[in-house]
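Hello,

Here is the structure I promised to pass on. My notes on the ligand site follow below it.

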Amino acid sequence: MIDTEKLLSVAKEAALEAGEIQLAYFGKKKEISHKFNQFDLVTNADKLAEEKILSVIKGHFPEHGFLGEESGSYKSEADYVWVIDPIDGTTNYAHNFPHFAVSIGLLYQGRIYLGVVFDAFKNEMFWAAEGAGAYMNADNISVSNIDSLNKSLLATGFPVNRDGILEENIRYFTKFLYEAQAVRRPGSASLDMCYVACGRLDGFWELNLAPWDITAAACIIREAGGEVSNFGTDNFDIYVKNIIATNGLLQGKMTEIIESLMP
Ligand code: 2AM
Ligand code: CA
């Protein structure tokens, strides 16, 4: 029997603790290092926040597995696997641009079961569990009812590894600039997807994402009445790097445009 309430309360506790670490270092000088190229940043706060999340969850659920951006995979065969990004939007964070989040998703036997995305700066906790609805703090949230692109506010993000993918996304970006009311690129995939879930945005697409960027928010969007899929298919797999996430009403139209421009 899955104890959804306990899982959610532990996920929220871990997100709150990680958020405290983010805020403790926010606006201060950080140790910034690079991962695979000069655009792929990691700060000391990313590492400390992930360690904190792992220790909170392991304290309650020692048998669970993890997939974390900073620490990799652990017990990946477990029934429950937590998919964690301690700071989603690290480039924003490193520049003191206040749009970043903690993202904590949970897979149960490979299925997306629960998600918590916490914006500590704005004190907005987005959360959902399969069949339980989607929430921001104590309020139920749902996607917008915008059904035409020319009335929509869309968002995307641009990848840090730029070879080819940057040009591909510029093509989509240019097309949606013409088709939508406006397009934003806020810089935190999980938070941008939660903005779709609560109706602040109507659609989102991005290439080259990782499971920790999208697992939690995919659960939240689905529970808020929206849809997520990968390019060129109706399916959604967290290990496929691209994503289209919308209020549902724009899923078909955005998919059609992206498919018509895919390489
Ligand atoms: P991050 O801040 O955790 O790295 C920006 O458009 C989005 O892309 C952010 O959600 C960012 O997450 C993500 N991102 C940046 N570099 C990435 C990488 N190398 N792999 C996967 N996602 C990445
Ligand atoms: Ca990150």
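Which polar backbone atom is 3.2 Å from an oxygen atom of ligand 1? That atom belongs to Ile87, and the pair is a polar contact (N or O atoms within 3.5 Å). Side chains take part too: a polar atom of Glu206 lies 2.7 Å from a ligand 1 oxygen, and one of Asp213 lies 2.7 Å from a ligand 1 nitrogen. On its own, ligand 1 has 480 Å² of accessible area, of which the protein covers 88% (Shrake-Rupley method, 1.4 Å probe).

In total, 19 residues surround ligand 1 (a heavy atom within 4 Å). Asp85, Asp88, Gly89, Glu206 and Asp213 are the closest. Domain 1 (4-140) and domain 2 (149-261) both contribute to this shell, so ligand 1 lies between them; the bounds come from an automatic or database assignment.

A word on conventions: this is a predicted model, with local features needing pLDDT of at least 70 and side-chain atom pairs pLDDT 80 or more, while totals for chains, interfaces and linings use all residues. Residues are numbered from 1 along each chain as written, chains are lettered from A and ligands numbered from 1 in written order, and side-chain values use heavy atoms, without hydrogens and water.

Best wishes

Key: Polar contact = N/O pair within 3.5 Å; in protein donor to acceptor, adjacent residues only side chain to side chain.
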